[in-house]
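Dear colleague,

A summary of the findings follows it.

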Amino acid sequence: MSSNQSMLVIGSIFLLGMLIVNFYGANTQQMEASVENEASIAATGIAQSMLDDIQNRAYDEFTVGSYTTSADSFTSVVSLGPESGETSSALFDDIDDFNGYSTVDSSTRLGNYDISVDVAYITNFAPNSVSYSKTFVKRIDVNVFNTYMSDTLTMSHLIGY
């Protein structure tokens with residue numbers, strides 16, 4: 001084999017190696033994106049399920065089985081959260097009992113999903129502004145995180161009374 005042929009063989013091996021490295025690099029990026037998408041889809045389902053569960057509760061502790069026309073009778077802002085004796089979500093009877101609630105969902109193949117819930121009164125006509133007084137509208141924020149996701153997924157829902 002002449003030196004020209006040897007150089008051609010070495011060059012073609014080098015090009016083949018570069019092609020293989022580029023192929024596997026692109027394949028790895030595509031696989032990572034696919035796993036993150038799957039984790040995000042699962043997180044969305046978990047968050048929506050949690051929102052559905054919360055929405056099935058009464059608006060406030062003082063509206064369980066009764067009706068009011070005054071926001072003054074609602075739970076105070078500093079008391080949002082479970083009442084005494086409500087030690088699990090199955091015992092929660094109104095929306096604001098979920099304020100500060102956190103749990104872990106391990107029902108999917110991508111491991112644990114950390115879930116946390118925040119409930120707050122909001123300023124009328126300004127859904128992004130938390131109110132420091134009682135109002136007829138509460139915002140529920142469900143936050144879901146998984147190690148395969150680059151950021152926490154937050155789903156919000158407004159509930160009016």
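With which side chain does the side chain of Asp141 make a polar contact at 2.4 Å? The partner is the side chain of Ser156. Please note that the model is predicted.

Asp141 lies in strand S4, which covers residues 137-145. Its side chain also makes a polar contact with the side chain of Arg139, at 3.2 Å. Asp141 counts as buried because its relative accessibility is 14%, under the 20% limit. Leaving aside residues up to four places away in sequence, Asp141 touches Ser116, Val117, Asp118, Thr154, Met155 and Ser156.

Leu15 belongs to helix H1, which spans residues 3-55. Leu15 counts as exposed, because its relative accessibility is 59% and the limit is 50%. Together with Phe14 and Met18, Leu15 makes a nonpolar surface patch of about 340 Å².

As to the overall architecture, the protein chain has 1 helix and 5 strands, in the order α-β-β-β-β-β from the N terminus. The radius of gyration is 26 Å, well over the 15 Å that the globule rule gives for 161 residues, so the chain is more spread out than a compact globule. Along the principal axes, the C-alpha atoms fill a box of roughly 95 × 30 × 20 Å.

Of the 161 residues, 31% are buried. The protein chain exposes about 9,900 Å², of which carbon and sulfur atoms supply 58%. Among contacts with a separation of 6 or more, 53% are between residues 24 or more positions apart.

Yours sincerely

How values were computed
Residues are numbered from 1 along each chain as its sequence is written. This is a predicted model: local features need pLDDT of at least 70, side-chain atom pairs count only at pLDDT 80 or more; totals for chains, interfaces and linings use all residues. Side-chain values use heavy atoms; hydrogens and water are left out. Patches are made of residues with over 30% relative accessible area and no salt bridge: like charges are joined within 9 Å, nonpolar side chains (Val, Leu, Ile, Met, Phe, Trp, Tyr) within 5 Å. Accessible areas come from the Shrake-Rupley method with a 1.4 Å probe; for residues, only the protein chains shown count as cover. A salt bridge is a side-chain nitrogen of Lys or Arg within 4 Å of a carboxyl oxygen of Asp or Glu. Helices (H or I, at least four residues) and strands (E, at least two) are DSSP runs, numbered from the N terminus. Buried means under 20% relative accessible area, exposed over 50%, partly exposed in between (1.4 Å probe, protein chains only). A polar contact is a pair of N or O atoms within 3.5 Å; within protein, one must be able to donate a hydrogen and the other to accept it, and residues adjacent in sequence count only if both atoms are side-chain atoms. Contact means heavy atoms within 4.5 Å. The radius of gyration is taken over C-alpha atoms; the globule rule is 2.2 Å times the number of residues to the power 0.38.
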